[in-house]
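Student: I have a new structure open and would like to learn how to read it. Could you walk me through some of its features?

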Amino acid sequence: LVTTFKTSTHVVLLDVVVTDKHGQPVTDLKGDEVTILEKGKPQKLASFSFVDSKVPLKGVAVPERALIPGVYYNGPEVEASKGPITVLLLDALNTSFIDQRIGRQQMLKYIDGHQGERLAIFGLTDALLLLQNFTDDQKKLHDTIEGKRVKQTPLHPAETPGSGGVSNFAVPGGLDAAGVNAFFGEFSILQGDTRARITLDALKALGNWLSGYPGRKKLIWIADSFPVQLDPGETARFTNANSYVQETKETATLLTDAQISVYTINAAGLSGHGAAFSTSNGGVNGGARTGPQMARAIGNANNSIAVGHATMNRFSEETGGLAFYNRNDLDKALGTSIVDGSSYYALSYSPEDKQWDGNYRKLDIKTSRPGIQLRFRKGYYALNPMRAAIESPAKVDREINSTLVSPLLASGVSFYGSAQPVPSQSPAGAPAHAEIKFLVETKNISFESLDDIQHCDLKFFVGVYSGNILVGHIEQSMVGNVKPETFAKMVKSGLVFHTMVSVPAEKVRLRLIVRDNRSGKIGALDVPYPNEVASK
């Protein structure tokens, strides 16, 4: 195996689902039958291969988890590499109370009728929760969904008093309707901002978790509102008043670079224009609605539905997935999402345009073969591949802090880690120390070759947790200037880094983090301490 590091070339990966007119997979397409267009200009195809995700990828070695006692690894799990990688996100944060219940019933209907489906299941409330790691055990999947209690969140607009303005609720007599309306308008903005922030953090965590897994991954996102909206070609924004343009671009880039296709399913099912408005009281002082108030309420509801569907379409199109709405057979939508794109074509190319200005670049793929359909992501943001090298310390700190509190480990940088006690010669009662060892796989590290010397820039962070409380940490950087002979050994054996951290006397958890400061890729690993080796 020859490993080549290309530091000046940015490679765009594209997963293309190809079907015939009956919707059946096409498995014999050739590279000379397709043309990639970026901003309308043909690009030179660098690689082209057919992938059946039910068959393990050739040449991809996933280490078994039976490691030396006391040594841990954050790379792809063996179970998750045995077939299609599908993640189900049950979004309670952006789903009303009643739609959660209906959606759960529909999901159970599908799971109970299909054996052998392998899924990981997450929940989203005020934080992202791992409910069930990858499994094809039908009972475990059923019990996970059945056990997910319906949650009424005060952040969902449909469940917040006054979220629709004074025309949707009663204002006690003597209060100024305009003032109350302004108050709830500001509250609605804050509410939407909070939901958007939590949703964005969840998508980032999932992207970092899956980034080390090879091949195309599917994220099936079930909700009845989607607060993240992408506007290709112009800006990326949220549907609330506050804008997070750069962060949304970076999240979209993280998902597409990790080859994650998003399938959005609207848990609301068939959406009407809100007939319930016609029977509810909601006048300014508790009386019946006037005609203009009712018309405004129905118009707002219809507009909200239309914007939601457009957001779903955009998010799925931009990542190569599908969107499902205005249908009550959510079990079939789930089934279609699970089986869709199990086989696909993996394409790559190096853009001819080397100006990394952060703007959106539209993609298209043409084929000379008639009668077939191609589905792929519609573009990408031309963010500088080496942008991480010039990021502010504050932004790097935010990334580290987010990784510290994430419920998921990041796999963008794969490494092994261990923690061993350091024999103490200090007086009794002095802080104890643990020696932390990192062995980083160089395949994920960005090296720059200058005068035959390989340069890299890494940050190592260790957080010490007592329960869920961070009680200590250490942060160190390493700038490597590696000679050719040493680099050749490093490619085979990995990059080694040692440090020490103070640890309390009680049992704790250590979170080890490695960040590539040139590419921005990040990896995280949890190590118990004292572990089975350290306690001997």
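Tutor: Gladly, and we can begin with aromatic pairs. Rings of Phe, Tyr and Trp (for Trp, its six-membered ring) pair if their centres lie within 6.5 Å; planes under 30 degrees apart count as stacked, over 60 as edge-to-face and the rest as tilted. As for the source, this is a predicted model, where local features need pLDDT of at least 70 and side-chain atom pairs count only at pLDDT 80 or more, while totals for chains, interfaces and linings use all residues. Residues are numbered from 1 along each chain as its sequence is written, and side-chain values use heavy atoms, leaving out hydrogens and water.

Student: How many aromatic pairs does a search of the whole structure find?

Tutor: The search gives 15 aromatic pairs. A pair of rings is described by the distance of the centres and the angle of the planes. Take F122 and W209: their pair is edge-to-face, with 5.2 Å centre to centre and 70° between the planes. F122 belongs to strand β7 (residues 119-124) and W209 to helix α3 (residues 177-210), so this pair ties together parts that are 87 residues apart in sequence. Such helices (H or I, at least four residues) and strands (E, at least two) are DSSP runs, numbered from the N terminus.

Student: Are F122 and W209 buried or exposed?

Tutor: Both are buried. Buried means under 20% relative accessible area, exposed means over 50%, and partly exposed is in between (1.4 Å probe, protein chains only). Ring pairs also link F122 and W209 with F134 and Y213 into a cluster.

Student: What sits over the ring of F376?

Tutor: The charged end of K378 does, 4.3 Å from the ring centre. The rule is that NZ of Lys or CZ of Arg is within 6 Å of the ring centre and within 35 degrees of the ring normal. Y465 has a charge over its ring too, from R509, at 4.3 Å from the centre.

Student: Now the sheets. What order do the strands of the open sheet of four have?

Tutor: Two strands pair if DSSP finds at least two bridges between them. Here the order is β4-β14-β1-β16, with antiparallel pairing. At the edges stand β4 (45-52) and β16 (372-375), each with a single partner strand, so one side of each is left without a neighbour in the sheet. Between β1 (residues 12-20) and β16 there are four bridges in the antiparallel sense, and V17 has R375 of β16 as its bridge partner.

Student: Why is helix α6 described as largely enclosed?

Tutor: Seven of the ten residues of α6 (residues 330-339) are buried, so the rest of the structure largely encloses this helix. Among the buried ones are L330, L334 and I338. Contact means heavy atoms within 4.5 Å, and the buried residues of α6 pack against several elements, including α1 (97-112), β7 and β12 (260-266).

Student: And the backbone angles?

Tutor: Most residues other than glycine have a negative phi, and most peptide bonds are trans. Q259 is not a glycine, yet its phi is positive, about 60°. Q259 lies in the loop between α4 (245-257) and β12, and is buried, with a relative accessible area of 17%.

Student: Where does D452 lie, and is D452 buried or exposed?

Tutor: D452 is in the loop between β20 (448-450) and β21 (453-466). D452 is exposed, with a relative accessible area of 58%, and its phi is positive, near 70°.

Student: Which residues does the cis peptide bond join?

Tutor: Y529 and P530, with omega about -5°. P530 is placed in the segment after β25 (522-529).
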